[in-house]
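My notes follow the order in which I looked things up.

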Amino acid sequence: MKYYICDMCGARIERNELRYVVKMNIFAAYDAMQIELSDLEKDYEEEIHKLIKKMEHMDPKQLEEDVHKQFVFDLCRKCQQRLLKSPLGRRPEGSKVSDELPPFDVDDFLRQIGSG
Ligand SMILES: [Zn+2]
């Protein structure tokens, strides 16, 4: 691959250009359970069998996505800046998201992280 494509705007990102990677994990959240003595005395075998039966008729892909899904995106700097300002794409009323980028020296950045 000679270049990347920004997954947000479609811009071409050359291999020597600064590229950002966004990893997004969406997973079912649960609160830690408080286990009571009565919970330990229950027989869960039947409940587990019912759950397995129910899952047999479900789409495996949908089941997996209901529990956990990961996305990985390549972004150009412009889109990285946009994402930092509004990670969920929401804008407070009356606010403007500027397309103007703060100054950034790619070569200096690469030298600082030791790969330039
Ligand atoms: Zn972009």
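The entries below go from confidence to overall layout, then to single elements and one residue.

**Confidence.** I noted at the start that this is a predicted model. I looked up the mean pLDDT of the protein chain and got 86, with 91% of the residues scoring at least 70. Strand 2 (residues 12-14) has the highest confidence, at 97. Helix 5 (residues 106-112) has the lowest, at a mean of 74.

**Layout.** I counted 5 helices and 4 strands in the protein chain. Read from the N terminus, the order is β-β-β-α-α-α-β-α-α. Next I checked the overall extent. Along the principal axes, the C-alpha atoms fill a box of roughly 65 × 40 × 30 Å. The radius of gyration is 23 Å, whereas a compact globule of 116 residues would be near 13 Å. I then looked at burial: buried residues make up 3% of the 116 residues. For contacts with a separation of 6 or more, 65% are between residues 24 or more positions apart.

**Strands 3 and 4.** I asked how strand 3 (residues 20-27) runs relative to strand 4 (residues 68-75). The two run antiparallel, joined by 8 bridges. Is strand 3 covered or in the open? Of its 8 residues, the number buried is 0, so strand 3 lies largely in the open.

**Helix 2.** I tested the length of helix 2 (residues 45-56). At 1.5 Å a residue, its 12 residues should span 16 Å. The end C-alpha atoms are 17 Å apart, which agrees. I also checked cover: helix 2 has hardly any, with a count of 0 buried among its 12 residues.

**Leu75.** I located Leu75 in strand 4. Why does Leu75 count as buried? The cut-off is 20 or more other C-beta atoms within 10 Å. Leu75 has 22, so it passes. I listed its contacts beyond four places in sequence: Cys6, Asp7, Met8, Tyr20, Val22, Gln80 and Leu83. Tyr20 and Val22 are among the residues that Leu75 touches by this criterion. Last, I took the C-alpha to C-alpha distance from Leu75 to Tyr44. It is 47 Å, for two residues 31 apart in sequence.

Definitions and conventions. Residues numbered from 1 in each chain as written. Predicted model: local features only at pLDDT ≥ 70, side-chain atom pairs only at ≥ 80, totals over all residues. Pairing = 2+ DSSP bridges. Expected span 1.5 Å × (residues − 1). Contact = placed C-beta atoms within 7 Å. Rg over C-alpha atoms; globule rule 2.2 N^0.38 Å. pLDDT = per-residue confidence, 0-100.
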